[in-house]
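Please look over the chain below.

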Amino acid sequence: FESENNAVFQGVNVSSLYDDESLTTKGEENSVSTYEIAPKDSDDIRFQKSQQLVYVEGEKLVNLHMSIIQEDANLLTEEGDWLQNIQKDDLLGDEIDEYASRLHSILDRKTHLVSLLQDKIESLRSLL
């Protein structure tokens, strides 16, 4: 930690990652990670709060990862169903268009899920 007014943990300005002097992650207003870092806190207290934050953010990463795996499994099942249906029918233009449209939506969703997970990983790594 550097100064009494700036929370710095292992070279990272932790306060710049959060709103208002609290350790609530920006964009996560309902976050459980709300450890106040007050200028009067000792370095030991600041370190303990930072450790708690890393633990909580790690738990969030694990929970997000589990949720994304579940959703990805559902999307994979849907993809399989689409493939089965499209392979057994004589392909009509409308069916191909519907298949391609839905496949595009599924892939967009998967891309978004991967991006969410990568952002959460980067957020956690910035605290380490």
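This briefing goes from the whole chain to single residues.

The model is predicted. Its secondary structure comes to two helices and four strands. Along the sequence, the pattern reads β-β-β-β-α-α.

**Confidence**

- The average pLDDT of the protein chain is 75. A score of at least 70 is reached by 67% of the residues.
- Residues 1-32 have a pLDDT below 50. In the model, this stretch has 76 contacts beyond near neighbours in sequence.

**The chain as a whole**

- The protein chain has 128 residues, and 29% of them count as buried.
- The accessible surface of the chain comes to about 8,500 Å². Carbon and sulfur atoms own 51% of that surface.

**The nonpolar core**

- The largest nonpolar core has ten residues. Leu53, Val54, Leu61, Ile68 and Leu75 are among them. The list also includes Ile106, Leu113, Leu117, Leu124 and Leu127.
- Which helices supply this core? Helix H1 (43-88) and helix H2 (93-127) each give at least two residues.
- Leucine 61 is one of the core residues. Leaving out residues up to four places away in sequence, leucine 61 touches Leu117, Lys120, Ile121 and Leu124.

**Helix H2**

- H2 has 35 residues. From first C-alpha to last, H2 reaches 52 Å, close to the 51 Å expected at 1.5 Å a residue.
- The buried residues in H2 are Tyr99, Ile106, Lys110, Leu113, Leu117, Lys120, Leu124 and Leu127.

**Lysine 110**

- Is lysine 110 buried or exposed? Lysine 110 counts as buried because its relative accessibility is 18%, and the cut-off for buried is under 20%.
- Lysine 110 sits in helix H2. Beyond residues up to four places away in sequence, lysine 110 touches Asp72, Leu75, Leu76 and Glu79.

- Valine 54 belongs to helix H1. With a relative accessible area of 19%, valine 54 is buried.
- Valine 54 and leucine 127 are 73 residues apart in sequence. In space, their C-alpha atoms are 6.5 Å apart.
- Valine 54 touches Leu124, Leu127 and Leu128, if residues up to four places away in sequence are not counted.
- Glutamine 51 also lies in helix H1. Its relative accessible area is 41%, so glutamine 51 is partly exposed.
- Between the C-alpha atoms of glutamine 51 and leucine 127 there are 9.1 Å. Along the chain, these two are 76 residues apart.

**The aromatic pair**

- How many aromatic pairs are there? The count comes to one.
- Tryptophan 82 and tyrosine 99 form this pair, and it is tilted. The ring centres are 6.5 Å apart, with 50 degrees between the planes.
- Which parts does the pair tie together? Tryptophan 82 lies in helix H1 and tyrosine 99 in helix H2, so the pair links parts that are 17 residues apart in sequence.
- Tryptophan 82 is partly exposed, at a relative accessible area of 22%. Tyrosine 99 is one of the buried residues of H2.

How values were computed:
Residues numbered from 1 in each chain as written. Predicted model: local features only at pLDDT ≥ 70, side-chain atom pairs only at ≥ 80, totals over all residues. Heavy atoms only, no water. Core = buried A, V, L, I, M, F, W, Y, C linked by side-chain atoms within 4.5 Å. Buried < 20%, exposed > 50% of the residue type's maximum accessible area, 1.4 Å probe, protein only. Contact = heavy atoms within 4.5 Å. Phe/Tyr/Trp six-rings, centres within 6.5 Å; stacked < 30°, edge-to-face > 60°. pLDDT = per-residue confidence, 0-100. Expected span 1.5 Å × (residues − 1). Areas by Shrake-Rupley, 256 points an atom, 1.4 Å probe, with all protein chains shown as cover.
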